[in-house]
Amino acid sequence: MKAIIVSAPTLDRVTLANGETRLQAGGPALYAGYTLRKLKYDVYAVGPYGPMVSSVVRLERQLGIERACCESMGQGYVFVHRYDGSVRRSSIESTALPLKAEDLAALIDGQDPDLVIISPVHCEVPPDALTSKSITGRRVSVDLQGFSRCMPGAWWERLDLSNIPLVHLSNDDASESVAQFLSRRAPSVVYTLGPGGAIIFARGKVTAIPLIYGGDIKDRTGLGDISLALVSHFYLVEGLSLEDAYIESQKMIATIAQELSSLKVLGVMGGSP
């Protein structure tokens with residue numbers, strides 16, 4: 001099977017609650033791509049990048065994630081994430097140029113993937129890409145975090161999600177009332193709550209599911225990307241109900257996060273044991 005992940009690579013400076021600061025590779029293509037490789041997908045990433053994130057692109061390639069596009073589009077995305085307990089605060093130090101909707105459509109049509117995950121980190125994916133004919137009828141999931149960061153005001157009112165089988169957002173991105181609003185515009189919505197689990201909006205029902213996975217995960221960066229990749233596979237490809245797909249994903253998420261916890265680290269400074 002083949003998957004395309006539409007997202008820019010990121011270089012992340014992450015400060016944990018114990019004061020430890022890590023320089024690490026990041027971005028949804030890394031986390032979701034590694035997850036889908038575990039599920040035997042051929043994974044291709046599409047997103048703008050530049051010299052600031054060259055080490056991240058090299059790591060992606062080592063893990064079997066191939067960049068189909070698009071080099072030399074700005075310096076690349078550099079993020080700063082600070083954790084205070086379960087609360088994350090993020091800022092952006094460097095960006096990249098946006099994709100064009102028509103170029104993205106041509107890439108998707110040319111690759112003809114079994115699964116498409118659209119997960120912008122900021123402004124690299126234009127909103128009109130969500131209505132492209134290239135994704136009509138395909139197995140597509142969309143993470144809304146990048147749109148929430150990039151679009152001012154009531155961004156959720158300006159997105160056309162009627163073409164998207166599965167939408168994900170978290171309580172980092174918007175309130176539960178926004179998720180409820182989006183559930184009336186998209187077929188299925190997963191609203192994740194970090195340690196609080198998730199709220200599933202599907203088939204006219206609302207289902208709260210507690211967090212299931214175990215393990216001491218100090219750095220929660222990328223957990224949403226891992227979860228979305230797993231849920232997308234089990235729901236859109238394997239045909240499980242959305243509730244069962246979320247529950248099934250939780251059986252694997254901690255193991256994958258722990259595997260990536262060392263692979264993604266490029267350097268460590270300070271902190272208490």
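Two strands pair if DSSP finds at least two bridges between them. Strands (E, at least two residues) and helices (H or I, at least four residues) are DSSP runs, numbered from the N terminus. The views below show a predicted model, in which local features need pLDDT of at least 70 and side-chain atom pairs count only at pLDDT 80 or more, while totals for chains, interfaces and linings use all residues. Residues are numbered from 1 along each chain as its sequence is written, and side-chain values use heavy atoms, with hydrogens and water left out.

**View A. The five-stranded sheet is open and mixed.**
The strand order is β7-β6-β2-β3-β14. β7 and β14 (265-269) are the edge strands, and each pairs on one side only. From one strand to the next, the twist averages 20° (angles run from 0 to 180 degrees between N-to-C directions, and axes are lines fitted to C-alpha atoms, for helices over the stretch in contact). Eight bridges connect β6 and β7, which pair in the antiparallel sense. Within β7, Arg88 is the residue that stands opposite Tyr83.

**View B. The nine-stranded sheet is also open, with mixed pairing.**
Its strands follow the order β5-β4-β1-β8-β9-β10-β11-β12-β13. The edges are taken by β5 (65-71) and β13 (205-209), each with a single partner strand, so one side of each has no neighbour in the sheet. The average twist from one strand to the next is 15°. Strands β8 (residues 115-118) and β9 (residues 140-143) run parallel and are joined by three bridges. Ser141 in β9 stands opposite Ile117.

The axes of α1 and α7 come within 11 Å and cross at roughly 125°. That angle makes α1 oblique to α7 (under 35 degrees counts as roughly parallel, over 145 as roughly antiparallel, 65 to 115 as roughly perpendicular and the rest as oblique). α1 also packs against α6, at an angle of about 40° and with axes 8 Å apart; α1 and α6 are therefore oblique to each other. For α6 and α7 the packing angle is about 135° and the axes are 8 Å apart. α6 and α7 are therefore oblique to each other as well.

**View D. The largest pocket holds about 650 Å³ of space.**
A pocket is an open set of points on a 1 Å grid over the protein atoms alone, where a 1.4 Å probe fits, with protein on both sides within 12 Å along at least five of seven lines; lining residues have an atom within 4 Å of a point. Grid points are joined across faces, edges and corners, and a volume is the space filled by probe spheres set on the points. The lining of this pocket comprises 39 residues, and Arg88, Asp172, Arg220, Leu223 and Gly224 lie nearest the centre. Two or more lining residues come from each of β2 (10-15), α1 (28-38), β6 (74-84), β7 (87-96), α4 (145-150), β10 (166-170), α6 (223-237) and α7 (242-263). The most are given by α6, with four residues. The lining of the largest pocket divides into 14 nonpolar, 17 polar and eight charged residues (Ala, Val, Leu, Ile, Met, Phe, Trp, Tyr, Cys and Pro count as nonpolar, Asp, Glu, Lys and Arg as charged, and the others, Gly among them, as polar).

**View E. The second largest pocket has a volume of about 200 Å³.**
Its lining consists of Phe79, Arg88, Arg89, Ser90, Ser91, Ile92, Gln145, Ser148, Arg149, Asp172 and Asp173. At least two lining residues come from each of β7 and α4. β7 gives the most, with five residues. By class, this lining has two nonpolar, four polar and five charged residues. Arg88, a lining residue here, also belongs to the group nearest the centre of the largest pocket, as does Asp172.

**View F. A cis peptide bond and two positive phi values are marked on the backbone.**
Most residues other than glycine have a negative phi, and most peptide bonds are trans. Cys69 and Cys70 are joined by a cis peptide bond, with omega about 15°. Asp112 is not a glycine, yet its phi is positive, at about 50°. The loop between α3 (101-111) and β8 contains Asp112. Arg203, also a residue other than glycine, has a positive phi near 55°. Its place is in the loop between β12 (198-202) and β13.
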